[in-house]
Amino acid sequence: MYSFVYDDLVILFGPKRTTHMITLKKDGKFFTSNGVLMHNDIVAVNSGSIVKTDKRIPYTVFKPTYKDFVMNIKRKAQIIYPKDTAIMLMWGDVYPGLEILESGVGQGALSIALLRALAGNGNLVSYEIRDDFAEQAGNFISEFSGETANHKIVKGDIYDGFEGVYDRVFLDLAEPWNVVKFTKDGLKSGGIIVAYIPTILQVKTYVDTLKEAGYFTEIEIFENIKRPWKVDGLSVRPESWMYNHSAFIVSSRKISI
Ligand code: SAH
């Protein structure tokens, strides 16, 4: 059971599927279209409780999950959505103790998931070309994950290369093929590279580059299509609308040649 304290993030689920994420402050007030929620009332309860506004409208309050957090932060960069992050972690076979390289950091959504999977063992290095994104991502990551001594954000252009040798490489870039040549020395034999790529023309160039490198095998190219359904009385069927396309995922393993 989780009890809230001041400075905690909390996610509120209100009427008509409204969602808000706020930080709890002593004597703070959150103004909704359904009345005012007092932060002190939330601090008095556990995650999963119902708290009412001054107009007696109920809101359910939770400690945010990873998905709640990344879907509710004010975003400047396009993040990798949790449905894709989930499968990227599995195809990238991420576990504690690995040395991981990532680029770019964007909003830090993938970074948070990678750090969670490392669970404090092993290291994550994130290359980011834009100073403002590097800074902002650092703030988001610490907001959700607290101190992460095993994470380093390097400000720089990954297309110029990177320092170190890694077990895993995760790419979320417009031209991921520019990084492939650096994996000759920068990715360990048996290591895995996973790329998140919006368009199929980019996928084609990337996969051709992996093949030309000559030391990649087990190339898998796929999309993760999550199709929501509803169960509402006798209306048991797929939802009419879905988020249809995010990006393709390409994973591959390095061999010794
Ligand atoms: N995966 C991130 C989103 C990354 S968006 C998340 O889940 O939040 C892509 C990022 O790559 C942007 O921040 C962009 O500034 C950065 N980028 C683009 N080209 C780059 C390069 N050549 N080197 C390093 N970072 C780069």
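A charge sits over a ring if NZ of Lys or CZ of Arg is within 6 Å of the ring centre and within 35 degrees of the ring normal. Keep that rule handy for the first exercise. The model is predicted, so local features need pLDDT of at least 70 and side-chain atom pairs count only at pLDDT 80 or more, while totals for chains, interfaces and linings use all residues. Residues are numbered from 1 along each chain as its sequence is written, and side-chain values use heavy atoms, with hydrogens and water left out.

**Exercise 1. Find the lysine over tyrosine 2, then describe the ring pair that tyrosine 2 makes with phenylalanine 4.**

Step 1. Start with the charge: lysine 63 lies over the face of tyrosine 2, at 4.8 Å from the ring centre.

Step 2. Now the pairing rule. Rings of Phe, Tyr and Trp (its six-membered ring) pair if their centres lie within 6.5 Å; planes under 30 degrees apart are stacked, over 60 edge-to-face, and the rest tilted. The count by this rule is ten aromatic pairs.

Step 3. Apply it: the ring centres of tyrosine 2 and phenylalanine 4 are 5.8 Å apart and their planes stand at 80 degrees, so this pair is edge-to-face.

Step 4. Check the cover. Buried means under 20% relative accessible area, exposed over 50%, and partly exposed in between (1.4 Å probe, protein chains only). Tyrosine 2 is partly exposed at 30%, whereas phenylalanine 4 is buried at 3%.

**Exercise 2. Where is isoleucine 80, and what does it touch?**

Step 1. Helices (H or I, at least four residues) and strands (E, at least two) are DSSP runs, numbered from the N terminus. Isoleucine 80 is in the loop between H2 and H3.

Step 2. With a relative accessible area of 2%, isoleucine 80 is buried.

Step 3. Contact means heavy atoms within 4.5 Å. Setting aside neighbours within four places in sequence, isoleucine 80 is in contact with Thr85, Met88, Ala109, Leu110, Asp172 and Tyr196.

**Exercise 3. Trace the polar contacts of aspartate 167.**

Step 1. A polar contact is a pair of N or O atoms within 3.5 Å; within protein, one must be able to donate a hydrogen and the other to accept it, and residues adjacent in sequence count only if both atoms are side-chain atoms.

Step 2. Aspartate 167 lies in strand S10 and is buried at 14% relative accessibility.

Step 3. Its side chain reaches the backbone nitrogen of glutamate 99 at 2.7 Å. The side chains of aspartate 167 and lysine 188 are joined by a polar contact of 3.1 Å.
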